[in-house]
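Open the model in your viewer and keep the sequence panel beside it. We will go from the whole chain down to single residues.

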Amino acid sequence: MKAVVVGGGLLGLLSARALSQQGAEVTVVEQGAFGQESSWAGGGILSPLYPWNYSNAVNALAGWGQKFYPELIQQLMLESDVDPEWTQSGMLVLENEPANFVDARGWASARDLNCLEWDPLMLAEREPQIQDEHHGLFFPEIAQVRNPRLLKSVLESCVHHKVKLVANCPVTELVHHDGVIKGVASYDTRFNADVVVVCAGAWSAKVMALLQQDVQINPVRGQMIMYRMPAGQRQLIKRITLMDDHYVIPRRDGRILVGSTLEHTEFDKSTTEQARIQLAEFAEQLYPCLQNAEIERQWAGLRPASPDGIPYICSIPGYQGLFLNAGHFRNGVVLAPASVQLLMDLIYQQPPVLDPEPYRLKRG
Ligand SMILES: Cc1cc2nc3c(=O)[nH]c(=O)nc-3n(C[C@H](O)[C@H](O)[C@H](O)COP(=O)(O)OP(=O)(O)OC[C@H]3O[C@@H](n4cnc5c(N)ncnc54)[C@H](O)[C@@H]3O)c2cc1C
């Protein structure tokens, strides 16, 4: 089987890798450089931010991915020279009132998840860098990956699996005949295929519009800042910390990411001074030790948002051989492994790893 994947972000590259592992001859066609968009820009937290507020459809993909990530990372480290830095740093959720943890506690106990509740005294003992009084709920098993390293590793793994990678090549046509997909074209260059998978992230609606398909995926800009801690203070913050929908993520080398904004700015990926100030105020109030650290970098990415936050992982009715794996919004990194497995099950008509219904274009 010949397959073309449109888009070389995390979803596209992992889809290509999986297709190749199934024996397909795979080409990924990317409009810019590989792995430089949303997948690069993200925080790499391997959990939805407040999972108890998410649908079962998102949590089912997330739960599968969380279990599979250690194995995926092992495979990637065998197939590449890059360590994606999978790290079980745990996720600490902070609230001013313990009553706000009711839903979270119920959600965790229904799933038998390890979660520890800390009152302000216990929190001060365990996380002395936090100076204000808060109540904490700690999920010790939640892990993170370092996005740029994960992408490099997956890219090398694709090369290992003999995936053909074509950069700077925007797909301008989805080629079909009598309801059967025949490949894609980028201006005059044609790529023939029996199967085409659209993984174009925030641009997926534009790609699907080439066939007059109305797919609701919109870009939502997210800005992040990154601190570089001074020598000797690099391990002061150890846990992913979440409060008021913002978060702090400590990397292994002592760099600290702070995110993120949620902005509807179409395809504008620029950064703003206002976001930099807002994120820095949040982070330095929560962790005053960051006041001594330099903000080394600021960036933005465009999340691919479906209206209900649930990705589309499905075939496209009326076009045999055409599939979509996009719209993962705020959770594409944690949802990627299960999304790709479900996609493979649909393409190869295997028993699906999860019920495919919630991920169809027209959900029931
Ligand atoms: C600030 C921020 C923080 C985030 N934090 C997290 C987190 O902690 N955990 C988590 O799980 N998720 C997080 N996310 C979400 C996650 O990053 C995304 O859901 C995921 O990366 C989407 O991956 P993708 O491959 O679909 O899209 P992208 O990575 O955007 O890749 C799509 C690719 O398609 C290409 N493309 C588009 N149009 C065409 C075309 N016509 N022809 C060829 N190629 C095309 C693009 O150039 C791009 O390379 C975050 C996102 C942001 C922005």
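**The whole chain**

Keep in mind that this is a predicted model. Show the chain as a cartoon. Now turn to the overall dimensions. Along the principal axes, the C-alpha atoms fill a box of roughly 70 × 40 × 40 Å. The radius of gyration is 21 Å, which agrees with the value near 21 Å for a compact globule, because the chain has 364 residues.

What share of the 364 residues is buried? Buried residues make up 56% of them.

Colour by charge. The chain carries 30 positive and 40 negative side chains. The centres of these two sets lie 6 Å apart.

Now think about contacts along the sequence. Take those between residues at least 6 apart in sequence. Of these contacts, 74% join residues at least 24 apart.

**Stop 1: the cysteines**

Select the cysteines. How many disulfides does a search of the whole structure find? It finds zero. Cysteine 158 is in no disulfide, and the nearest cysteine sulfur, that of cysteine 199, is 11 Å away. A disulfide needs the two sulfur atoms within 2.5 Å.

Is cysteine 158 buried or exposed? Cysteine 158 counts as buried, because its relative accessibility is 0%. Now click cysteine 115. Cysteine 115 counts as partly exposed, because its relative accessibility is 23%. The cut-off for buried is under 20%.

**Stop 2: serine 20**

Move to helix H1, residues 10–21, and pick serine 20 within it. Serine 20 has a relative accessible area of 13%, so serine 20 is buried. Show the surrounding side chains. Which residues does serine 20 contact, leaving aside neighbours within four places in sequence? They are Val26, His161 and Val163.

**Stop 3: threonine 27**

Step along to strand S2, residues 25–29, where threonine 27 sits. Threonine 27 also counts as buried, because its relative accessibility is 12%. Again leave aside neighbours within four places in sequence. Threonine 27 then touches Ala3, Val4, Val5, Lys164, Val166 and Phe191.

**Stop 4: two loops with positive phi**

Select asparagine 168. It lies in the loop between strand S6 (164–166) and strand S7 (173–177). Check the backbone angle: phi of asparagine 168 is near 55 degrees, a positive value in a residue other than glycine. Asparagine 168 is exposed, because its relative accessible area is 62%.

Is aspartate 178 buried or exposed? Aspartate 178 is exposed, because its relative accessible area is 68%.

**Stop 5: a cis peptide bond**

End at serine 260. Look for this residue in the loop between strand S14 (255–259) and helix H8 (273–286). Zoom in on the bond from glycine 259 to serine 260. This peptide bond is cis, with omega near -20 degrees.

Notes: Residues numbered from 1 in each chain as written. Predicted model: local features only at pLDDT ≥ 70, side-chain atom pairs only at ≥ 80, totals over all residues. Heavy atoms only, no water. Buried < 20%, exposed > 50% of the residue type's maximum accessible area, 1.4 Å probe, protein only. Rg over C-alpha atoms; globule rule 2.2 N^0.38 Å. Contact = heavy atoms within 4.5 Å. Lys, Arg positive; Asp, Glu negative; His and termini not counted. Charge placed at Lys NZ, Arg CZ, Asp CG, Glu CD. Helix = DSSP H or I, 4+ residues; strand = E, 2+ residues; numbered from the N terminus.
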